[in-house]
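User: I am new to reading protein models. Could you take me through one, feature by feature?

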Amino acid sequence: MDKSINELNQLKANAVKNLEATEGRRIIVGMASCGISAGARAVLEKLQEEVAAAGLDNVQVLPTGCVGMCIYEPIVEIFEPGKEKVNYIHMNPDRVSKVVSEHLVNGRPVKEYTLGEDEESKLKNLNDLQFYKKQKRNVLKNCGFINPEDINDYIAVDGYQALAKAVTKMTPKEVIDIMKASGLRGRGGAGFPTGLKWSFAAANEADQKYIICNADEGDPGAFMDRSILEGDPHSVLEAMAISGYAIGASKGYIYVRAEYPVAVERLKIAINQAKEKGFIGKNIFGSDFDFDIEIRLGAGAFVCGEETALIASIEGKRGMSRNKPPFPANKGLWGKPTIINNVETLSNIPKIILNGPEWFRSMGTEKSPGTKVFALGGKINNTGLVEVPMGITLKEVIYDIGGGCPNGKAFKAVQTGGPSGGCLPVEDLDVPIDFDNLVAAGSMMGSGGMIVMDEDNCMVDIARFFLDFTVDESCGKCTPCREGTKRMLEILDKITQGNGTMEDLAVLEDLAENIQNTSLCALGQTAPNPVLSTMKLFKDEYLAHVVDKRCPTGVCKALLRYFITDACTGCTLCAKKCPAKAITGTVKEKHYIDQDKCIKCGVCMDNCRFNAIIKK
Amino acid sequence: MQNDCGCNCDKASDERYVKLKAYIDSVIGSEGITMTVLQEAQKIFGYLPLEVQKFISENIGVPIAELYGIATFYSQFSITPKGKHQIGICLGTACYVKGAQKVMDKIVEELEIGVGETTPDGLFTIDATRCLGCCGLAPVMMIDGDVYGKLDDVNVIPAILEKYRN
């Protein structure tokens with residue numbers, strides 16, 4: 001029994017040497033989907049090519065996961081023994097050539113490609129940025145550091161130690177007790193206590209039980225699960241095996257979105273490597289515990305993030321949800337007790353087993369211990385993935401970490417919880433973030449999407465956007481969700497077209513309440529939230545659309561009007577460009593737009609060289 | 001020339017069917033294979049014409065009505081052929097608040113087809129996709145796996161499309 005653990009420790013000793021680059025240089029390229037989209041693959045290939053061409057020894061060029069700062073992608077980091085690491089940002093193949101010849105061959109880092117605005121602050125380490133200072137990277141610790149395609153890197157950072165400890169030194173009950181004591185709550189949305197959920201499934205006697213990793217990250221503004229799978233896939237596999245041990249399951253499924261090809265590929269590699277090493281398979285670490293993991297791909301249905309729909313999908317059916325109870329912990333996949341945990345939840349587990357529940361409770365708040373990863377996006381300077389201790393305020397996340405709204409625009413609201421959540425306005429910026437506070441403030445944690453909106457965003461349009469999403473994604477099984485959301489969308493369309501009435505607003509609210517109360521699953525029950533939340537907080541905008549037939553931000557096209565101001569020089573360019581021939585005027589005199597003919601395409605405004613065209 | 005819809009070809013010699021059959025044989029007997037078989041078929045044929053659904057139905061013993069139900073439920077499956085180049089415009093929230101709708105409008109205007117449709121010459125299909133995961137580059141679109149980001153100025157789009165016309 002001990003032999004396997006000894007072997008693991010032996011592997012670790014060697015892996016650490018390699019990871020810490022004690023004998024050579026280690027170059028890592030941020031190769032999560034975001035990095036690849038920005039061109040990281042070409043950078044990696046060029047680096048490998050140039051390093052080989054320069055005949056450099058002891059230089060490793062490796063992919064890594066997401067570093068978190070999307071705006072600087074592609075990012076390259078160079079580690080040398082005994083030296084500060086050097087970060088290069090906005091890399092491209094041309095820049096690579098210079099970095100190889102100057103930095104790697106001649107030992108002079110290329111300052112101009114590093115961070116920092118002026119000469120003095122150049123060569124600044126990414127980790128010194130304000131962006132990272134308030135973060136507590138626990139789940140994301142390995143992302144952007146280890147090579148996700150090499151199990152040895154994971155072993156070097158205590159990988160599979162927690163599994164070894166659990167199966168050789170603990171009983172399943174002890175594992176569950178630790179999870180209960182840690183207070184870990186599900187990071188997928190509702191925040192149900194993980195240990196408690198496990199105990200339900202553990203209490204059921206069955207010939208077969210299942211663990212499912214829910215990697216069907218559907219919130220259109222969240223990508224933390226993808227990042228974890230792409231940057232640290234073994235942490236999820238290890239956690240699944242631990243939870244399998246705890247509840248007595250020998251089989252696990254990872255249900256992952258087909259839209260995440262990089263994550264799927266890395267998971268496949270990780271599963272093969274873990275099987276090869278014997279961390280997944282029969283008699284894990286010499287115990288009598290067996291565990292196998294299989295990947296199942298989703299096929300583009302948001303509702304499959306709901307656990308009963310997800311189960312139907314794995315069974316090979318249409319992904320439609322069903323009534324609960326029975327809960328999956330009692331009757332799940334193929335009628336057997338099943339535990340479904342989200343990726344981020346799972347990724348916390350090995351660390352809790354190794355460091356203990358007190359360690360976990362030392363972060364976050366009493367009722368929501370630990371950290372939470374947020375995908376910060378929209379109108380914000382530092383778009384990216386941030387991990388913060390629970391209890392931090394929205395203001396700290398948006399301003400101190402996110403750097404506020406770009407172009408000096410005023411912050412209007414932050415949307416959390418995706419299509420199930422709501423908006424939080426300026427007044428709520430001091431709310432400490434945790435599961436319960438966000439619900440109390442009229443939104444929810446959801447999976448952690450955090451989309452910032454500024455003064456240019458129309459809140460009616462945002463509500464319409466989310467409803468359009470849920471209408472599209474409703475599975476169609478229950479009437480309130482299938483028909484109700486559609487009716488709500490029609491009313492919102494009517495309002496954004498300028499045809500809304502006060503009665504429509506009342507109907508909208510009435511419908512929303514009915515859909516919340518009568519839908520079968522969480523998708524329908526929460527679908528009206530974005531509408532209710534914006535109606536409550538931004539009633540004035542709804543009224544402007546309905547009563548004044550005006551969109552204050554100029555987003556709703558039908559309500560928009562273009563005007564030519566006195567700045568017009570009469571150059572006639574707009575009249576020539578207008579596809580609807582709606583602009584008239586003589587040379588060198590102010591022109592006019594015929595509002596009846598105008599199709600609101602905005603071509604005139606785009607082409608005017610004198611900023612003489614405004615929309616309102 | 002092989003018939004694109006797969007209807008009149010000889011399945012024993014059509015390597016696409018041979019490949020699909022080999023896949024089915026490798027998974028048959030395991031639980032819940034319907035989705036995975038359809039996914040494999042979609043990969044091989046590019047879409048799921050009725051003929052292919054029939055073939056699957058005969059080989060895995062699932063009624064064709066059920067297969068059709070699944071194929072039309074999930075957005076990744078298509079029962080009509082796709083264009084040579086697939087344009088995916090990200091309508092994730094981050095892209096949307098940064099003007100993805102304008103990108104969509106411009107492409108619809110340029111290609112004169114609707115979302116989910118294919119141009120008559122079979123060259124382009126427009127799809128609205130969920131988050132492509134490059135929120136830092138919002139608004140974003142993807143053509144055949146190539147990402148085009150920061151499309152704040154939609155006037156660059158015609159030139160991008162032109163590249164794929166040749």
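User: This is a predicted model. How are α7(A) and α11(A) oriented to each other?

Analyst: Start with the general idea. Two packed helices are described by the angle between their axes and the distance between the axes. Now the case here. Helix α7 of chain A covers residues 161-169, and helix α11 of chain A covers residues 233-247. Their axes come within 9 Å and cross at roughly 10°. Angles under 35 degrees count as roughly parallel. So α7(A) and α11(A) are roughly parallel to each other.

User: Which residues of α7(A) and α11(A) make the contact?

Analyst: From α7(A) come A162(A), L163(A), A166(A) and V167(A). From α11(A) come E238(A), A241(A), I242(A) and Y245(A). Sort them by class: seven are nonpolar, none is polar and one is charged.

User: Now the whole of chain A. How many helices and strands does chain A have?

Analyst: Chain A has 25 helices and 17 strands. Its C-alpha trace spans about 90 × 65 × 40 Å along the principal axes.

User: What does the radius of gyration of chain A agree with?

Analyst: It agrees with the value for a compact globule. With 616 residues, such a globule would have a radius of gyration near 25 Å, and chain A has 27 Å. Look at burial too: 54% of the residues of chain A count as buried. Then look at contacts in chain A with a separation of 6 or more. Residues 24 or more positions apart account for 71% of them.

User: How many residues of chain B are in contact with chain A?

Analyst: The general idea again: the size of an interface is often given as the accessible area lost when the parts come together. Here we count residues instead. On chain B, 31 residues are in contact with 38 residues of chain A. The elements of chain B that give two or more residues to this side are α2 (34-45), α4 (64-73) and α5 (93-97). The largest share, four residues, comes from α5(B). By class, this side of chain B has 16 nonpolar, twelve polar and three charged residues.

User: Where in chain B is the pLDDT below 50?

Analyst: Over residues 1-6 of chain B. This stretch has ten contacts in the model beyond near neighbours in sequence. Take care, though. Where pLDDT is low, the predicted coordinates should not be read in detail. For chain B as a whole, the mean pLDDT is 89, and 94% of its residues reach 70 or more.

User: What ipTM and pTM does the predictor give the complex?

Analyst: The ipTM is 0.88 and the pTM is 0.92.

Terms used
Residues numbered from 1 in each chain as written. Chains lettered and ligands numbered in written order. Predicted model: local features only at pLDDT ≥ 70, side-chain atom pairs only at ≥ 80, totals over all residues. Contact = placed C-beta atoms within 7 Å. Nonpolar A, V, L, I, M, F, W, Y, C, P; charged D, E, K, R; others polar. pLDDT = per-residue confidence, 0-100. Axes fitted to C-alpha atoms, helices over the stretch in contact; angles between N-to-C directions. Parallel < 35°, antiparallel > 145°, perpendicular 65-115°, else oblique. Rg over C-alpha atoms; globule rule 2.2 N^0.38 Å. Buried ≥ 20, exposed ≤ 12 C-beta atoms within 10 Å, placed from the backbone.
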